[in-house]
Amino acid sequence: MQKAQISLDLILTMIVVLIIVSAFAIIISDFKSNQEIRLTKEQLDLIGQNTATLISTTQTINDTTFVIETNIPQIKYTDINGNTIGNYPKINFADENTLNIALLFNGKIMDSNFKISKSPNTVLVTDSLQYNGKLVIKNG
Amino acid sequence: MAKGQIFSTDLLFGMVILIFGFGLMLALAETSMYDAKHTKNERQLQEKTELALLLLTSSPIGQCDLNGTKIPYSINKDKFTIINATTQKQLKKALLLEDNNVNLSFTGTASTTTLISELVRNANIISIDANIVVCTNTTTFYDLNNCLSAVSPCTNPKISMQKVTLTVGQ
């Protein structure tokens, strides 16, 4: 081996180290992205489940006239530019027995459906849901 | 080490240990995620079962209506006189338990009435017992009132206190 010569072993080691570091970087980036999606979906599902339970519980007073106001929390997530965003989800009845909750997440619609039991007269008022998270459940 | 040799035994051992370590790390991460998912499923099943019991005993599905007064936590057993596969499916749908294995019965001093009987052998099982009022189509509010004010245990066949058991598996 000559003076100042770079050995084949060193070059190979450098290549292997670079490949491993790049692979880890890709795995971590993919993991973070998946975690963000999961975390957002988890928040959406929790709000959807709680709202569906609340609506189904109104069956116990379905022979009365009622107005229930509830505050839906913002769903917080990090967008593709790394900014933390807080948005209220959209909540609607998909049909008589299904509640749909949806959120525009990084340009795509993320949504979930939940089974509910309700009186035909029970309606949702979502006019101010997008502004202050106020959801109104009305009957009669 | 021979001239021009690329991989040494040390390097191969090192690679094997590295891959093994990486696999172990992934397995640990998977276990912790499974635990979190299991806890979430359990919580959801608990909420689902409690809601089903509430719907059965405190909504028009099964609730007693005594002269216009709707009694919370009660079952009108005359609403469930026909029990077959179709009615069981309808009841499961009404209780939002279509996707679950369900066992539902209420037990009095003399008899047990089974509304839904399915084999519940799932990974997650929640069972709830609750004391409820069981009435019939002919029970009146006065029957309830008389039973409530009776000094000795109420023996009116049209109204009784029974234990409802709801078991839900997912």
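Predicted model: local features only at pLDDT ≥ 70, side-chain atom pairs only at ≥ 80, totals over all residues.
Chain A contains two helices and eight strands. Read from the N terminus, these elements follow the order α-β-β-β-β-β-β-β-α-β. The radius of gyration of chain A is 25 Å, whereas the globule rule gives 14 Å for 140 residues; chain A is therefore more spread out than a compact globule. Along the principal axes, the C-alpha atoms of chain A occupy a box of roughly 95 × 25 × 20 Å. Of the 140 residues in chain A, 18% are buried. When contacts in chain A between residues at least 6 apart in sequence are considered, 59% of them join residues at least 24 apart.

The contact between the two chains involves 11 residues from chain A and 12 residues from chain B. On the side of chain B that touches chain A, helix α1 (residues 9-58) of chain B supplies the largest share, with six residues. Classified by residue type, this side of chain B comprises seven nonpolar, three polar and two charged residues.

Chain B also holds an open sheet of five strands, arranged in the order β3-β6-β7-β4-β5 with mixed pairing. Strands β3 (74-76) and β5 (112-117) of chain B form the edges, each pairing on one side only. From one strand to the next, the twist averages 30 degrees. Within this sheet, strand β6 (residues 125-135) of chain B and strand β7 (residues 159-169) of chain B run antiparallel and are joined by 11 bridges. Ile128(B) has Leu166(B) as its bridge partner in β7(B).

Key. Residues numbered from 1 in each chain as written. Chains lettered and ligands numbered in written order. Helix = DSSP H or I, 4+ residues; strand = E, 2+ residues; numbered from the N terminus. Rg over C-alpha atoms; globule rule 2.2 N^0.38 Å. Buried ≥ 20, exposed ≤ 12 C-beta atoms within 10 Å, placed from the backbone. Contact = placed C-beta atoms within 7 Å. Nonpolar A, V, L, I, M, F, W, Y, C, P; charged D, E, K, R; others polar. Pairing = 2+ DSSP bridges. Axes fitted to C-alpha atoms, helices over the stretch in contact; angles between N-to-C directions.
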